[in-house]
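Please consult the sequence and structure shown here.

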Amino acid sequence: MCSLRLHLFLLVAASTSSLFESATTHWSDKQALKDLKNNLDPSSITPGSCLYSWDFSLDPCDNLFSDNFTCGFRCDAVVSGATRVTELALDPAGYTGPLVINHHNNLPFLQSLDLSNNYFSGPIPDSLSNLTRLTRLGLSKNSFSGPIPSSLGSLINLQELYLDNNNLNGTLPVSFDGLTNLKRLELQSNSLNGVLPDLTSLKNLYFLDLSFNSLTGGFPSNLPDSLVQISIRNNSLNGAFESDALKSFSYLQVLDLSSNRLNGSLPLSLFELPSLQQLTLSFNGFSGIKPPSFAFDGGVAVPSELIAVDLSNNELGGFLPMFFSLMPKLSSLSLENNKFVGMIPTQYALKTVFPEPGVEPFERLLLGGNYLFGGIPSALMALEPGSANVRLVDNCFYRCPLSFFFCQGGEQKSYEECKRFSHFIP
């Protein structure tokens, strides 16, 4: 808490040196601060917290840095004769109660509101839509409940919106298509449901996290192609990927759709995105992989930025895709708990133990829980323990490899089970 208090102190000090002369807080801003404090549970306003120091017998802006009003907000001389509150950032002191922003005394010059890491409860008030200058709204990690007010879509200057880790439900408001300046949207860990509305108008959005909700429908085709990171893990998305669903996402670096109900074949466009570095599609129902065009380039290194790929716990079958061994930056590959058959390609082993110059080795190669058989490449057999995380347990190898390193942590499948999935086994 000390570091946060110092941060808030510096935040205020940076812009209020002119206020010491005779700062006078606008009467409506003073009333709004008073309403905010008075509607909270008094027992949650503990000694040492920001709100505990708010003494309204004094002028708030004129008494910053004194024993009263020690932290929590910032003032700026934006109107002649009076100062206005432009930022409000409470400390995580466990404040409990509703958020009250009066329709009339509503801090109209507020640009940033952050109440994160407290216990504010009840609905998010519609009156927040009156804070038309807001560029940042942070209500993370509280106990807000009910639907997200559609009126928030009128905050056209908003650049960052954090409503994650609350108890919000209902659908994402259609009005959010009006937040055209939004850069970051975090709604994870709520109980939101339904399908996503059209967000293609949010041309500045680069970060989207909707994880741990109950969203349905297929992978949304109505997202802006400005996105750098998309996380919609642990939802109820279903159906197959459209072949060109992500074709235009030239800036995308991170895609996490794990723990959904997606199925069908993975489109080749996924592996041809020019900026993609991390791809996580584990715990779905994908059954095939359409190889990208570079898979037929004769075993040459491919122009891929992928560093980590996790396709574990799906229904993928056939031989292990050769093109993963051609990705020069790929260092983590998990294909565990699928239905792959055949032998481990020599290229996988060489990339792990003897990578070519300029090629990153597999530091993490997880192939356990499949129906692989035959001999383990000699390069992997010579791998020193601790040099890479290689997991091959629970496959269909005729016998355990000589190195106990590969045998620990699991058992091979029975002959009968292996034969069901691999007609190559006599």
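## Basis of the description

A residue is called buried under 20% relative accessible area, exposed over 50% and partly exposed in between, with a 1.4 Å probe and protein chains only. The model is predicted: local features need pLDDT of at least 70 and side-chain atom pairs pLDDT 80 or more, whereas totals for chains, interfaces and linings use all residues. Residues are numbered from 1 along each chain as its sequence is written, and side-chain values use heavy atoms, without hydrogens and water.

## Disulfides

With a disulfide taken as a pair of cysteine sulfur atoms within 2.5 Å, the count is 3. Counted along the chain, the bonded cysteines follow the pattern 1-3, 2-4, 5-6.

Cys 61 and Cys 75 have their sulfur atoms 1.9 Å apart. The S-S torsion of Cys 61 and Cys 75 is about -75°, so this link is left-handed. Cys 61 lies in the loop between α2 and β1, and Cys 75 in strand β1, 14 residues apart in sequence; helices (H or I, at least four residues) and strands (E, at least two) are DSSP runs numbered from the N terminus. Cys 75 counts as buried because its relative accessibility is 0%, and Cys 61 because its value is 3%.

Cys 50 is joined to Cys 71 at an S to S distance of 1.9 Å, and both are buried. Cys 396 and Cys 418 are also joined, at 1.9 Å, with -95° about a left-handed S-S bond.

## Helix α2

Helix α2 covers residues 27-38. Its buried residues include Ala 32, Leu 33 and Leu 36.

Methods:
Expected span 1.5 Å × (residues − 1).
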